[in-house]
Amino acid sequence: MKSEIISISSREQSHATADCFQHVLADTYALYLTTHHYHWNVEGSKFVQLHKLFDEQYNELFKSIDYIAERIRALDHYALPFAGDRISKISGMISEETVKDTSADQRADKMVHNLITLHRRVIESCQTAKEQSRIAKDDESESLMTDRITAHQQSIWMLRSIIK
Ligand SMILES: [Fe+2]
């Protein structure tokens, strides 16, 4: 009887971890799409630098999406990045930066600011998922979230350094 209680509890914990990972997946996907969109549309005096940095960052994000989604599958849940409105919410924000009523340099700086905001949002989702993984005693999920937080912090540093 006792082992049954433990196993139900562990299943619930795993379900809660997968739920947190769905948020990380959707937020990372939104950031990937935004970074790729900016890679195409950035202009101005920092064009070469930003076009190249966005290229490196969207490729890193694209790879990470696969790890996050496959971790959700390992927890025996389907990977559902498009459930809810976490991705659709960003479309207004990213299309603003192609409206030419400000200078190309101002638009480029706004892109960088938007990306920093989105990286911070992903870090918050990762921190929640990391905490839930720790409660569930799921070392592999916790370790993946630690790696993702490190990668996002690194990306914020690079973006911040360009607009200083
Ligand atoms: Fe390209």
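**A tour of the helices and the core**

Start with α2 and α5: their axes come within 12 Å and cross at roughly 170°. The model you have open is predicted. Angles over 145 degrees count as roughly antiparallel, so α2 and α5 are roughly antiparallel to each other.

Next, select the residues that make this contact. On α2, pick Q49, L50, L53, Q57, E60, S64, Y67 and R71. On α5, pick S141, L144, R148, A151, S155, M158 and I162. Colour them by class: the contact of α2 with α5 has 7 nonpolar, 5 polar and 3 charged residues.

From α4, take V112, L115, I116, H119, V122, I123, C126, Q127, A129, K130, S133 and R134. From α5, take S141, E142, M145, T146, R148, I149, H152, S155, I156, L159, R160 and I162. By class, the contact of α4 with α5 has 12 nonpolar, 7 polar and 5 charged residues.

**Into the core**

Clear the selection and go to the largest nonpolar core. It has 35 residues. Which of them touch the most other members? Select F21, V24, L25 and I72.

Then colour the core by element. Two or more residues come from each of α1 (2-41), α2 (47-74), α3 (90-96), α4 (104-135) and α5 (139-162). α1 gives the most, with 11 residues.

Centre on I72. Leave aside its neighbours within four places in sequence. I72 is then in contact with A18, F21, Q22, L25, H77 and A79.

**One step along: R73**

Move to R73, in helix α2. Is R73 buried or exposed? Count the other C-beta atoms within 10 Å: there are 11. A residue with 12 or fewer is exposed, so R73 is exposed.

Finish with a distance. Pick the C-alpha atoms of R73 and C126: they are 17 Å apart in space, and the two residues are 53 residues apart in sequence.

Conventions: Residues are numbered from 1 along each chain as its sequence is written. This is a predicted model: local features need pLDDT of at least 70, side-chain atom pairs count only at pLDDT 80 or more; totals for chains, interfaces and linings use all residues. A nonpolar core is a set of buried Ala, Val, Leu, Ile, Met, Phe, Trp, Tyr and Cys residues joined through C-beta atoms within 7 Å. A residue is buried if 20 or more other C-beta atoms lie within 10 Å of its own, exposed if 12 or fewer, and partly exposed in between; C-beta atoms are placed from the backbone. Helices (H or I, at least four residues) and strands (E, at least two) are DSSP runs, numbered from the N terminus. Two residues are in contact if their C-beta atoms, placed from the backbone, lie within 7 Å. Ala, Val, Leu, Ile, Met, Phe, Trp, Tyr, Cys and Pro count as nonpolar, Asp, Glu, Lys and Arg as charged, and the others, Gly among them, as polar. Axes are lines fitted to C-alpha atoms, for helices over the stretch in contact, and angles run from 0 to 180 degrees between N-to-C directions. Angles under 35 degrees count as roughly parallel, over 145 as roughly antiparallel, 65 to 115 as roughly perpendicular and the rest as oblique.
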